[in-house]
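The following report concerns the structure shown below.

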Amino acid sequence: MTDIATRATRRVASPGGRRRLNGGGPRAGTIFAFVIPFFLPFVLFYLVPVGYALWQSVRVVRRTGGQYGTSYTTFGGFEQYTKVFQNDEFWSSVGRIGLFGIVQVPVMLFVALVIALLLDTPLLRLKSVFRIAAFMPYAVPGVIAAIMWSYLYSPQLSPVVDLLNGIGLHPDFLGPGAVLWSAANISTWLWTGYNMLIMFSALQSIPQELYEAAKLDGASNWTIAWQIKVPIIAPSIILTTVFSIIGTLQLYAEPAVLRQISSNISSTFTPNMLAYAVASGNNYQQAAAISVVIAVITFVLSFGFMRLTSKRAGL
């Protein structure tokens, strides 16, 4: 935290020592009653499917009597994973989604942070209207949002394309060099409000006395925003970044919808689309191995980012 924030915190800090928390803990039965409604669906709809995917990923289909012989499934060890790592389409999709995340996630989170800071400033009027307007895109289902934007991208239907063509610009939102960023624009429009709400909620929990103390030290609104508010809500920014990393590696709906109107999106455009395409060919074991690899990459990136940023932020 900056020097201004530190001084402001000292102004509003109470001189007394820490309070002691009294009272014993709840009974085990009460804890169990609260945990079981979450635990059962978690086991049935998360752990069991994950375990089944892991089991399928280490099995292979063999045939007896040649190509048209009887097929049977047996344990294959890491054979499916070896095929995944040797698959050029898999690495192409990973590289494509990596480029997507490197550009789209910082842009989306920066826009969400700016909107949250603007909504938290006392100078802005009609805050509730702007807050609802910023959050409203998140209420639109992802597939519906992709269909809406595909209409705006289509050269034959889009009024936006007609307007740009009329002023001498000839955009090709579905071209080979732009279609990835068209999908990124949909994701940004869809998820910025969600991330903004998390950051705005964190800003609302900051005591107003802290801002008053900072102003006594001569801090401007700009200084308060970037040297006090942003460092304090750093955990929320880290949280939204982790969510965004996970969501990026799960990207499916936007490119899948745009694929219906663009030949520049293949069935293996993203890792999730590749897994679905392989499963559609009845190769469920290979699709399970791809899914497990995607999950491991997601865990490594998100957990690694959280550990790295948490240490630097002193959390």
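In this predicted model, Asn-282 is exposed, with a relative accessible area of 56%. The cut-off for that class is over 50%, and Asn-282 is therefore counted as exposed rather than partly exposed. Asn-282 is located in the loop between H13 and H14. Its phi angle is near 65°, a positive value in a residue other than glycine. In the order of the chain, Asn-282 comes after H13. Within H13 itself, the buried residues include Pro-271, Met-273, Leu-274, Ala-275 and Val-278.

The side chain of Asp-120 forms a polar contact with the side chain of Lys-229, at 2.7 Å. When neighbours within four places in sequence are set aside, Asp-120 is in contact with Lys-127, Phe-200, Leu-203, Gln-204, Tyr-211 and Lys-229.

One of these partners, Lys-127, is part of helix H5, residues 127-135. Lys-127 has a relative accessibility of 27%; this value lies between the limits of 20% and 50%, so the residue counts as partly exposed. Not counting residues up to four places away in sequence, Lys-127 touches Leu-119, Asp-120, Thr-121 and Pro-122.

| Residue | Relative accessibility | Class |
|---|---|---|
| Lys-127 | 27% | partly exposed |
| Asn-282 | 56% | exposed |

Across the whole structure, a search finds one cavity of 30 Å³ or more. The volume of the largest cavity is about 30 Å³. Val-94, Ile-97, Leu-249, Pro-271, Ile-294 and Ile-297 line the largest cavity. Two or more residues of this lining are given by each of H4 and helix H14 (284-313). By class, the lining of the largest cavity consists of six nonpolar residues, with no polar and no charged ones. Pro-271, one of the lining residues of this cavity, is also among the buried residues of H13.

The largest pocket has a volume of about 500 Å³. Its lining is made up of 16 residues, and those nearest the centre of the pocket are Val-50, Ser-291, Val-292, Ile-294 and Ala-295. Helix H2 (28-57), helix H13 (271-280) and H14 each contribute at least two residues to the lining of the largest pocket. This lining contains 12 nonpolar and four polar residues, and no charged residues.

For the protein chain as a whole, 14 helices and two strands are assigned. The chain has 315 residues, of which 36% count as buried. Among contacts between residues at least 6 apart in sequence, 66% join residues at least 24 apart. The protein chain exposes about 19,200 Å², and carbon and sulfur atoms supply 65% of this area.

How values were computed: Residues are numbered from 1 along each chain as its sequence is written. This is a predicted model: local features need pLDDT of at least 70, side-chain atom pairs count only at pLDDT 80 or more; totals for chains, interfaces and linings use all residues. Side-chain values use heavy atoms; hydrogens and water are left out. A polar contact is a pair of N or O atoms within 3.5 Å; within protein, one must be able to donate a hydrogen and the other to accept it, and residues adjacent in sequence count only if both atoms are side-chain atoms. Contact means heavy atoms within 4.5 Å. On a 1 Å grid over the protein atoms alone, a cavity is a set of points where a 1.4 Å probe fits but cannot get out, and a pocket is an open set with protein on both sides within 12 Å along at least five of seven lines; lining residues have an atom within 4 Å of a point. Grid points are joined across faces, edges and corners, and a volume is the space filled by probe spheres set on the points. Helices (H or I, at least four residues) and strands (E, at least two) are DSSP runs, numbered from the N terminus. Ala, Val, Leu, Ile, Met, Phe, Trp, Tyr, Cys and Pro count as nonpolar, Asp, Glu, Lys and Arg as charged, and the others, Gly among them, as polar. Buried means under 20% relative accessible area, exposed over 50%, partly exposed in between (1.4 Å probe, protein chains only). Accessible areas come from the Shrake-Rupley method with a 1.4 Å probe; for residues, only the protein chains shown count as cover.
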